[in-house]
Amino acid sequence: MHSMWPLSRQRTNSEPARSRLRTAATPFLAAVKNANGSFGGAESGTPVPLLNPLTGQKYTNGVIPFNDPSVSSFAKGVLAALPAPNVPGSPFANNYASLPSDTINDDKGDIRVDQTFSQHTTAFVRYSQHQGKIVSPPNIQGPAGGNSNGTVNIFNQQIAGGVTHIFNQNSILDARFAFTRTDGGKSPYGANLPNLMDGIPGLPTDPQVVRSLNVQSVNTFSQFGNQGSNPQFQNPYIYNPKVNYT
């Protein structure tokens, strides 16, 4: 009497990774004098008269007072929320330095089982998973900052399997199937910070998209407010069956 047990083989692999990156930046912020309404002759000390083209109001001393009707409460709140310049020298230059730290967590692993049922039939199954998280703070901190990717989450799963059967030396059947799932996206920095846009009608209220300040692009200044492409989400699912007969 003769007996034979099927052969099997298992293999497991995992690769955790942690890293932290720092990038120096020197954005150009609204200087202290700008935040208090002074725009004319701030460098030389000689006032330069200003004119409001919409109202015709003149400001001979180069200062637009905050109690002026043309200064909105929104503008006051945003300027007050910007950090103070921290680089000595001219207020009209790269006057703010920051060194934010990006945190990267990246974990992935695989497990595979191969089975030999007989000399004619073999099979395998494999499961793979990846989880990545990147926290990228902006160069300009606080509720008026946020021009960065914020928090990026990436989750991938895949399961694949296959069976191969040899009928004879001229005939082989190979069947395979794979399912891949991805859930990815990024959420804005400032989602949990004070909202500087209170009172503006028509803004979204979903917690997934609410941010402290939308994109603010002011000529000659570094962009502040949250990144325009944030938030965003991707969640594709892929089924991939294949059968080959030779």
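# Exercises on a predicted protein model

Buried residues (under 20% relative accessible area, 1.4 Å probe, protein chains only) make up 29% of the 246 residues in the protein chain. This is a predicted model, where local features need pLDDT of at least 70, side-chain atom pairs count only at pLDDT 80 or more, and totals for chains, interfaces and linings use all residues. Residues are numbered from 1 along each chain as its sequence is written, and side-chain values use heavy atoms, with hydrogens and water left out.

## Exercise 1: The fold

Work out how many helices and strands the protein chain has, and give their pattern along the sequence.

**Solution.** 
- Step 1. Apply the rule: helices (H or I, at least four residues) and strands (E, at least two) are DSSP runs, numbered from the N terminus.
- Step 2. Count them: the chain has 2 helices and 9 strands.
- Step 3. Read along the sequence: the pattern is β-α-β-β-α-β-β-β-β-β-β.
- Step 4. Turn to contacts, meaning heavy atoms within 4.5 Å. Of the contacts with a separation of 6 or more, 65% come from residues 24 or more positions apart.

## Exercise 2: Gln 227

Is Gln 227 buried or exposed, and which side chain does Gln 227 join by a polar contact?

**Solution.** 
- Step 1. Locate Gln 227: this residue sits in the loop between β7 (171–187) and β8 (232–234).
- Step 2. Check the area: the relative accessible area is 16%, so Gln 227 is buried.
- Step 3. Find the partner: a polar contact of 2.9 Å links the side chains of Gln 227 and Lys 186. A polar contact is a pair of N or O atoms within 3.5 Å; within protein, one must be able to donate a hydrogen and the other to accept it, and residues adjacent in sequence count only if both atoms are side-chain atoms.
- Step 4. Compare Lys 58 in strand β3 (residues 58–59). Exposed means over 50% relative accessible area, and partly exposed lies in between. Lys 58 has 61% relative accessibility, so Lys 58 counts as exposed.

## Exercise 3: Salt bridges

**Solution.** 
- Step 1. Recall the idea: side chains of opposite charge can pair when their charged atoms come close.
- Step 2. Apply the cut-off: a side-chain nitrogen of Lys or Arg lies within 4 Å of a carboxyl oxygen of Asp or Glu.
- Step 3. Arg 112 pairs with Asp 114 at 2.9 Å, N to O. Arg 112 is partly exposed at 24%, and Asp 114 is buried at 14%.
- Step 4. Asp 174 pairs with Arg 176 at 3.3 Å, N to O. Asp 174 is buried at 17%, while Arg 176 is partly exposed at 43%.
- Step 5. Asp 183 pairs with Arg 181, with the closest N and O atoms 2.7 Å apart. Asp 183 is partly exposed at 24%, and Arg 181 is partly exposed at 24%.
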